[in-house]
Amino acid sequence: MAKIKILVGTVYGGARDVADGIKPVLEQKGYQVDITEDPALSDLTDPDNTAILISVSTTGSGDFPPGFDKFYFSLNDQGASLGHLKYGVIALGDSSYDTTFCEAGRKIDNILAEYGATRVGRRLDIDSAEHFDAIEPAISWIEDWTTRLV
Ligand SMILES: Cc1cc2nc3c(=O)[nH]c(=O)nc-3n(C[C@H](O)[C@H](O)[C@H](O)COP(=O)(O)O)c2cc1C
């Protein structure tokens, strides 16, 4: 069965809520879905994963949430050959942070592409100044994302 792993980076739980909210939509479309808040490089190279989804918020001043930073920096330090990998990124942020808006999502998007992975569709940047509930834009985005995942 086609499998999607969702890698979550969150401080206050919003990015986890997004992962939990899109999981049933993906399951309805026939995917098996796993969610982790402790992502590892092996998630990127596991041949069982048809694709990976990142759901990550930005904290500090353009920083990754704790736990997710470890994952990013091990990818940055060790590198990986990701030519096989398809991925999507949902980035949570707040536009009042201006230049660092959704920076964590941008950084993980850029490094995955740098190591050869292919992003499916556009990155979804969710602005908490605009959306009280991040799940709503994520649900309509995931519908589109899955149609491109073929
Ligand atoms: C201390 C703090 C720092 C933040 N820094 C940024 C930032 O640099 N860029 C950004 O886009 N959003 C920033 N945010 C907004 C969060 O990313 C946003 O509220 C997000 O929805 C939180 O998601 P979470 O519940 O998964 O942690 C910050 C929020 C807090 C409380």
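User: Which strand is Lys3 in?
Analyst: Lys3 sits in strand 1, which covers residues 3-9. Bear in mind that this is a predicted model.

User: Is Lys3 buried or exposed?
Analyst: Lys3 is buried, because its relative accessible area is 15% and the cut-off for buried is under 20%.

User: What does Lys3 touch, skipping residues up to four places away in sequence?
Analyst: Lys3 touches Gln32, Asp34, Asp48, Asn49, Thr50 and Ala51.

User: Ok, switching to Ala15. Where does that one lie?
Analyst: Ala15 lies in helix 1, residues 14-28. Ala15 counts as buried because its relative accessibility is 1%.

User: And what is Ala15 in contact with, leaving aside neighbours within four places?
Analyst: The contacts of Ala15 are Val8, Gly9, Thr10, Ser55, Val56, Ser57 and Leu92.

User: Now helix packing. How do helix 1 and helix 5 cross?
Analyst: Their axes come within 9 Å and cross at roughly 40°, with helix 5 being residues 135-148. Helix 1 and helix 5 are therefore oblique to each other, and the crossing is right-handed.

User: Which residues meet there?
Analyst: From helix 1 you have Asp17, Val18, Gly21, Ile22, Val25 and Leu26, and they meet Ile135, Ala138, Ile139, Ile142, Glu143 and Thr146 from helix 5. By class, that contact has eight nonpolar, two polar and two charged residues.

User: What about helix 3 and helix 4, what's the angle between their axes?
Analyst: Roughly 30°, and the axes come within 11 Å. Helix 3 is residues 68-78 and helix 4 is residues 103-114.

User: Why are helix 3 and helix 4 put down as roughly parallel, then?
Analyst: Angles under 35 degrees count as roughly parallel, so helix 3 and helix 4 get that label. Their crossing is left-handed.

How values were computed
Residues numbered from 1 in each chain as written. Predicted model: local features only at pLDDT ≥ 70, side-chain atom pairs only at ≥ 80, totals over all residues. Heavy atoms only, no water. Helix = DSSP H or I, 4+ residues; strand = E, 2+ residues; numbered from the N terminus. Buried < 20%, exposed > 50% of the residue type's maximum accessible area, 1.4 Å probe, protein only. Contact = heavy atoms within 4.5 Å. Axes fitted to C-alpha atoms, helices over the stretch in contact; angles between N-to-C directions. Parallel < 35°, antiparallel > 145°, perpendicular 65-115°, else oblique. Left-handed = near helix turned anticlockwise from the far one by under 90°. Nonpolar A, V, L, I, M, F, W, Y, C, P; charged D, E, K, R; others polar.
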